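Hi,

Here is the structure I said I'd pass along. Have a look at it first, and then read on for what turned up.

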Amino acid sequence: MKRRYTGCHWLRLLILVSFFSVTYGERPNVLLLCIDDLRPELACFGVDYIRSPNIDQLAAGGRAFHRHYVQAPTCGASRYALLTGKYGPYGNGALFQRGKKLKADPKSVSPSLPAWFRQHGYATVSVGKVSHNPGGRGGGNWDDDSIHEMPQSWDRHLLPAGPWQHPRGAMHGLANGEIRVTAGSMDVYQATEGPDSIYPDGLITDESLSQLDQLSKPDQPFFLAVGIIRPHLPFGAPAKYLEPYKKLQLPPIAHPEKPQGKTTYHSSGEFMKYNRWKRNPNTDAEFASEVRKHYAACVSYADAQVGKVLDKLKALGLQDNTIVILWGDHGWHLGEHAIWGKHSLFEESLRSPLIVQYKGIPQPGKATHSIVESLDIFPTLADLAGLPMPEFTQGVSLRSILENPEAPGHPAISYTEARTIRTETHRLIAHRKGHFELYDHTSPAGETENIAENRPELVQQLLAQLKKRLP
Ligand SMILES: [Ca+2]
């Protein structure tokens, strides 16, 4: 029998077509939230004493990656990997070096993550600390408009410095416009009474909200990156964020002993420089507890800024057509292995939060424990946005894990001057001149017992895997 299309059929067809044009026809926006020095110490990552309601809510509607590893445990090199999708030099100047090369010979450098979106019709804006220098300029105060950290990437690369005078001032700023003259003359932690805007992230967030207003016009999709500076040192946040932690008894620090033998242990130089009180958190339990509580307050302050940006996205009606991704640029030791800082190749330095949320994600709120790395973010976003795949990147799209949290990941590689590979069961660290650390993550000893001498065949096997990816 010949099928007749009634008015009712046409109406259904119309609804179906409009659904697909909203869901798939328009390019989705991308909102990338970068948080500086954020450990995966959030309620949604199982740390129940931390107050992070906004990030928790993001995780509840998306996918939290509990085993996301960064390429490098320092800001500049880690952000290089995120923003280029490639392994790069170890150092905070990594993106500036690339920028110089790009200026000299544009064909010698592949497009950055924002440049890829820009080339495909997106408006691209960066506010705060997204690349290494907030605002993306070089020079003594990081405001020299002739030196760009990421040429050709952003329509606007912004940092509102306010009373901190310039981006370098904001990066290390404390309350009410205090800027770093020497780290040794600043408080390592601080909690001053006042609104969010008495610390630099308040201004970064206000600027982000205003950028969202401008970008919300429907004629062009956007790629907005917002970089929150806290919980980076010095640990200053408005007093109200410290309040919930003041009387808290914190859980003990895991493996607080200095590791034996040759490792990537370091003596917490950056932290100690700020520490004008010269108290040693490894021998002064009361001070250690204060440091940890102020770090937690900075996490809650950063979380509140994330909340404002997400609320704005909703208020503008953009949440259904925006991929939101939250990324920590690396972890931070709060006393584990007797380190107060980053820069090691231990788990505490290399593991950081990664959360991806978009409308229609299967099994929202279900976390994944598959191993992934920051390199994967560029191809993932291109894939989700329906852009051509950036074949020049060195990671893989995480679409399979976004669609199924049980889907397998892959070993993660990271580097300082030494290099490391993390598999499901082990971590191998290869130092120059052939010294190895091998840790068994299936054993309670974890990264406190180097078993390299007992397992030479496994050392060679993991080394071969590592060299294949990072010769
Ligand atoms: Ca950092």
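**What turned up**

The chain splits into domain 1 (26–409) and domain 2 (418–471). Keep in mind that this is a predicted model.

Taken over C-alpha atoms, the centres of domain 1 and domain 2 are 28 Å apart. Twelve residues from domain 1 and twelve residues from domain 2 make up the contact. On the side of domain 1 that touches domain 2, you'll find six nonpolar, four polar and two charged residues.

Next, the inside. The largest nonpolar core has 121 residues, and Leu33, Leu224, Ala297, Ile325 and Leu326 are the ones that touch the most other members. Helix 9 (residues 285–315) is the top contributor to this core, giving 14 residues. Where does the core lie relative to the two domains? Domain 1 and domain 2 both give residues to it, so the core lies between them.

Apart from its neighbours within four places in sequence, Ile325 is in contact with Leu32, Leu33, Val356 and Ile377.

Helix 9 also has a partner in helix 7 (residues 200–215): their axes come within 10 Å and cross at roughly 10°. Angles under 35 degrees count as roughly parallel, so helix 7 is roughly parallel to helix 9. From helix 7, the residues involved are Asp201, Thr205, Ser208, Leu209 and Leu212, and they meet Tyr301, Ala302, Gln305, Lys308, Val309, Lys312 and Leu313 in helix 9. By type, that contact has six nonpolar, three polar and three charged residues.

Cheers

Notes: Residues are numbered from 1 along each chain as its sequence is written. This is a predicted model: local features need pLDDT of at least 70, side-chain atom pairs count only at pLDDT 80 or more; totals for chains, interfaces and linings use all residues. A nonpolar core is a set of buried Ala, Val, Leu, Ile, Met, Phe, Trp, Tyr and Cys residues joined through C-beta atoms within 7 Å. A residue is buried if 20 or more other C-beta atoms lie within 10 Å of its own, exposed if 12 or fewer, and partly exposed in between; C-beta atoms are placed from the backbone. Helices (H or I, at least four residues) and strands (E, at least two) are DSSP runs, numbered from the N terminus. Domain bounds come from an automatic or database domain assignment. Two residues are in contact if their C-beta atoms, placed from the backbone, lie within 7 Å. Axes are lines fitted to C-alpha atoms, for helices over the stretch in contact, and angles run from 0 to 180 degrees between N-to-C directions. Angles under 35 degrees count as roughly parallel, over 145 as roughly antiparallel, 65 to 115 as roughly perpendicular and the rest as oblique. Ala, Val, Leu, Ile, Met, Phe, Trp, Tyr, Cys and Pro count as nonpolar, Asp, Glu, Lys and Arg as charged, and the others, Gly among them, as polar.
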